[in-house]
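Okay everyone, thanks for coming.

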Amino acid sequence: MNTQEIMTTLAVGGGLAVVLWVLAKVGRVLASVFEALAALAVLGVALWGLLRAVGWIVRQLVGHWRTCLALLALWAWCTVLGWVSLVVTVGVLAAVLLMWWRLDAVGYDQWCGRWLRAWWLRWALYGRKLAGWLHACGLTVRDDAIPVDVTVNLVSRRRKREAVAKARQASGVAVPKLLSVRSGPSWDEVRVRLVPGQKPEDFDEVARELAVARKVARCQVRELEPDVVSIDFMRRDLLDTAVTGLPVPEMVSVDGSGVDLRAVYAGSTEYGTPWTLPLVGGGAHTLVAGASGSGKGSVLWAPLVSAAAPIRAGLVRVSGIDPKAVELAYGRGIFARYGVSGKEALDVLEALMEELENRKRVFAGYTRQVPVSAEYPVELLEFDEIGALTRYTDRKTRDAIVERVAILTTQGRALGFAVRGYVQEPTKETVPVRELFTRRICLRVTAKSQVPMVLGDGAYERGAWANRIPESAAGVGYVWGEGIREPLRVRAGWVPDQTVKHLEHYVTNGGASVIHLSDRRGERGTA
Ligand SMILES: Nc1ncnc2c1ncn2[C@@H]1O[C@H](COP(=O)(O)OP(=O)(O)OP(=O)(O)O)[C@@H](O)[C@H]1O
């Protein structure tokens, strides 16, 4: 090996040694960089986890502050006094509540039960399941704003669809927020705040589905604020057994005072409160529609029994038109004027028209509302099976009857007249004047289409499911309008036959008299 070769070998060896030295240095630097990065990553992940945990705890504290406080109190109790004393105290409290409930269920529910139940239902039922029910009923708003890239190629089209579905799933679904739960003896009121893109009517439309989801027979939606609705679920049906009507009063109370003719007891509402009907003033003209056997008779009799004292005192004069000659005929003495045939019905209506004209003459310019007195009593007309005479009779009689009923209902309110009609088939052809009745009651009907005919558009959607009332629930029906925001389910007080007889005896003995229209016909004929 010559000198040149030795020099070359040394130079290459030296170069390699330098490269190795540099590589070793770089490797060491890189290792410490990676080490630092790894440490940073671990720290970041830990910090992120910690932040999420803190966020979750804060959310729980804010969202479930009652539960958190209760748990904190339990923990404090166990720590300070021990768990044995806690178990004993809870046991004694439960026993006291049980006794209270057994002895005074109404008082217990009013002061304690409903709060406990509301808390429990919110915690165990609505808090957990409501979001799912709302979603299943289409009451959530999905963010569908993700752009859809359509490719004509079949394979890639499928891929795109899957991608879009996944993206939508990942994107948030806005669910109405549960605000509060209240629980009454028979209903739960669940308040929710709507999300942008929803309106209260969306909830109305799926009330049936919500009732099914909650496994109850009835659900109703009330709009409380523009973006807050109350979804009411009926837990217990308070109208599943007959409601008793008022008894006929004792003979001594004959002055008629003490009965508010603007709100006469007629039965009970689905909330367990009294259902009242006016016999005078706005809303007194009432149309009651219901299939045969739906209980129209009890809607007729229950207010009359409640108004027994004013009828006996002559402050309310009842007239009756009874084409079937069965329902009103049973208490014939109660009715000052009474007609069965078309001609007799016209006589009754004609007599009422005369009284109407008379009152117009006497009171015109003196008062805007005729005060109730024995001289000018409330003239109450009970028109049973109104369709029999407004449709199924000869044209001339029919037109005359319709005309008079229309005049009495449009002009009679301020002059102290009230017309109450009962019909099986609530079509416009059967009752051409049905719109003139200011208050309408829908008992069991045979078709869903009849509900809006009686109560107006949207009644069925808002919960007046009158076609679904079972045949066994005679006297049950819905009222809507006239100050009632949502359809209200009611049951008329049941009036047995002997009570009708008792009423007849009571009012006729007190002086309520029968006007013989045949005499008036004779007088008119000879005049
Ligand atoms: N409020 C009520 N509570 C319990 N049962 C009732 C009530 N009202 C009526 N019923 C029962 O339903 C039956 C039918 O009632 P009702 O005769 O009043 O019906 P309706 O609608 O007048 O029938 P129709 O048009 O055929 O005369 C009654 O015999 C009674 O047994």
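So, start with residues 70-101: the end C-alpha atoms lie 24 Å apart, and the span is 97% helix and 0% strand. By the way, this is a predicted model, so local features need pLDDT of at least 70, side-chain atom pairs count only at pLDDT 80 or more, and totals for chains, interfaces and linings use all residues. Residues are numbered from 1 along each chain as its sequence is written.

Compare residues 36-58, with end C-alpha atoms 32 Å apart and 100% helix, 0% strand. Helices here are DSSP runs of H or I, at least four residues, and strands are runs of E, at least two, numbered from the N terminus.

Now helix H2, residues 65-81. Its 17 residues should span 24 Å at 1.5 Å a residue, and because the end C-alpha atoms are 23 Å apart, that agrees. The expected span is 1.5 Å times one less than the number of residues. Buried means 20 or more other C-beta atoms within 10 Å of a residue's own, with C-beta atoms placed from the backbone.

How many residues of strand S14 (417-423) are buried? 7 of its 7. Phe417, Val419, Gly421 and Val423 point one way, while Ala418, Arg420 and Tyr422 point the other. S14 pairs in parallel with S10 over 4 bridges, pairing meaning at least two DSSP bridges. S13 also runs parallel to S14, joined by 5 bridges.

Note on methods: Buried ≥ 20, exposed ≤ 12 C-beta atoms within 10 Å, placed from the backbone.
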